[in-house]
Amino acid sequence: MKNKFSSVRRAFFLLIALLLSYSSMQNLTAQTVQMIEYPVPSREPGQTDVLQLACEPLDTVRIAFIGLGMRGKDAVERYMHIDGVKVTALCDVDFWKVDDCQKILTKNGRPKAARYTNAADWKEVCRREDVDLVYVCTHWQLHTPIAVYAMEHGKHVALEVPAALTVEDCWKLVNTAEKTRRHCMMLENCCYDFFEMATLNMAQKGFFGEVVHCEAAYIHDLRWLQFDEKDGYWDMWRLRYNTIHTGNPYPTHGLGPVCQILNIHRGDKMDYLVSMSTNQFGMSAYAKEKFGETHPNAKVNYKLGDMNTTLIHTAKGKTIMLQHDVTSPRPYNRIHMVSGTKAFAQKYPVTGIAMEPNAHHFVEKNILDSLLTTYEHPFAREIGQKAKEVGGHGGMDFIMDYRLIYCLRNGLPLDEDVYDAAEWSCIVELSEKSVLNGSVPVRIPDFTRGAWDKLKGLQFSK
Ligand SMILES: NC(=O)c1ccc[n+]([C@@H]2O[C@H](COP(=O)([O-])OP(=O)(O)OC[C@H]3O[C@@H](n4cnc5c(N)ncnc54)[C@H](O)[C@@H]3O)[C@@H](O)[C@H]2O)c1
């Protein structure tokens, strides 16, 4: 009798235990699938979107360059090869960089520009009457403050990548552009690379069928630059950021071209993401090897995981896989992979195209070449040769600058708008948010506030 009673009791407790563990599993499941939402702020009365914004044509585009380090100096050089521009101001906290750029102007028979060398001078630059376009090539933290201030003072702005580091700053860019009706273009040069433009052209002409999935990345071993106090980044800004942040701090080079192919905010939108990072290994290993075990750099607890992988889901059910790694010793790679219902293309590590009915294998080299000629993008055809001669990442930088100035001079909408800048940059914060919360899904804000389906596909102004 006692035995029977205790076995009933055992069964009862087992059942309770099972129920408890089931309900805690349910809670866990509910917890892990909880989407982190980001509120979408409402527009102020009278404020409307700037999709296809066209502004007054400018006969000569008067440019102020702010930040004349590695990237800024190269930009000044490139603009010496573009008609209809005048450099009116040069600004950097390192006076010798300003002087070097003045020499570029002089060498090219251009008048000297106004010279600014104090940390807060960028405000005065943005207030100048003789500036139409403020071109920002500083470290990341100054991008949004300068862009907002420049637009508030009536200037168009072109800013290096990423345009912003937080969702709040992305909204500042969008709201300021909408209120001031000024252009705000993030200088995503990789959208103008030759293979990327050809695949965009292919996608727009239906070569891939329905594009279903894309993969993109920024994989670039930058350890030597990050840890070079003398000849690396100013004030080691990149290492400082990567010491205290994880996720994907530099998403736009890979993401921009595939968002164009997927018609993001021109018929589709990025809806949510999940993101996962490895632990950090490579920066510590590099610092130990370069400086020795006892050096302060070798003891830092760097936050940035070596490899970050982010998966993005779009409203129309497409996916993007996006990676970031600036730490591992491996070849440069932006992947740029486009997978559709009829064909496939990828740029890195081996460039290839595959298509029905033999899509198990890449096409032969001669067919690849002929496809790339057939689908050569009109920009490449128009200005590609000169771009290769001028240079700048093989020519793409020049095509980007050429198009920016062409559109400004002709009063046309720019190729990349403020919503692109916000959408591609917001991944910085959102990927970090997901990583720090066990890779939970995070909503990607709709920066167009409901107008993402208004434009039917991406069309560049002619
Ligand atoms: N699109 C691309 O292919 C590409 C390539 C490299 C860098 N970038 C971007 O370009 C930007 C600059 O990168 P970089 O490699 O030239 O770095 P860098 O450190 O060489 O240049 C930054 C410059 O900003 C200057 N600066 C700092 N504070 C300033 C202030 N208050 N006012 C004016 N100038 C100030 C510094 O003196 C320095 O010259 C970054 O945003 C980076 O992400 C883009």
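Mentor: Consider the open sheet that eight strands form in the order β13-β12-β11-β7-β10-β9-β8-β14, with mixed pairing. The structure is a predicted model, in which local features need pLDDT of at least 70 and side-chain atom pairs count only at pLDDT 80 or more, while totals for chains, interfaces and linings use all residues. Residues are numbered from 1 along each chain as its sequence is written.

Trainee: Which strands are called edge strands, and what makes them so?

Mentor: They are β13 and β14 (442-443), each of which pairs on one side only. Strands here are DSSP runs of E with at least two residues, helices are runs of H or I with at least four, and both are numbered from the N terminus.

Trainee: In what sense do strand β9 (residues 308-314) and β10 pair?

Mentor: The sense is antiparallel, over six bridges. N308 has H324 in β10 as its bridge partner.

Trainee: Why is I335 called buried?

Mentor: A residue is buried if 20 or more other C-beta atoms, placed from the backbone, lie within 10 Å of its own, exposed if 12 or fewer do, and partly exposed in between. I335 has 20 other C-beta atoms within 10 Å and therefore counts as buried. Its place is in the loop between β10 (319-325) and β11 (337-340). Buried residues make up 44% of the 462 residues in the protein chain.

Trainee: Which residues does I335 touch?

Mentor: Not counting residues up to four places away in sequence, I335 touches E215, A216, A217, G254, Q346 and Y348. I335 and G254 are 81 residues apart along the chain, yet their C-alpha atoms are separated by 7.5 Å.

Trainee: What makes the protein chain as compact as a globular protein of its length?

Mentor: The chain has 17 helices and 14 strands. Its radius of gyration is 25 Å, close to the 23 Å that the globule rule gives for 462 residues, so the chain is as compact as a globular protein of that length. The radius is taken over C-alpha atoms, and the rule is 2.2 Å times the number of residues to the power 0.38.

Trainee: Into which domains is the chain divided?

Mentor: An automatic or database domain assignment supplies the bounds: domain 1 (61-186) and domain 2 (190-375 + 417-443). Their centres, taken over C-alpha atoms, are separated by 26 Å. The contact takes 17 residues from domain 1 and 17 residues from domain 2.

Trainee: How many residues surround the ligand, and of what classes are they?

Mentor: There are 26, and the closest are G67, G69, R71, E160 and W234. The shell divides into 14 nonpolar, seven polar and five charged residues. Ala, Val, Leu, Ile, Met, Phe, Trp, Tyr, Cys and Pro count as nonpolar, Asp, Glu, Lys and Arg as charged, and the others, Gly among them, as polar. Helix α2 (residues 70-79) gives the most to this shell, with three residues.

Methods
Two residues are in contact if their C-beta atoms, placed from the backbone, lie within 7 Å. A residue is near a molecule or strand if its C-beta atom, placed from the backbone, lies within 6 Å of it. Two strands pair if DSSP finds at least two bridges between them.
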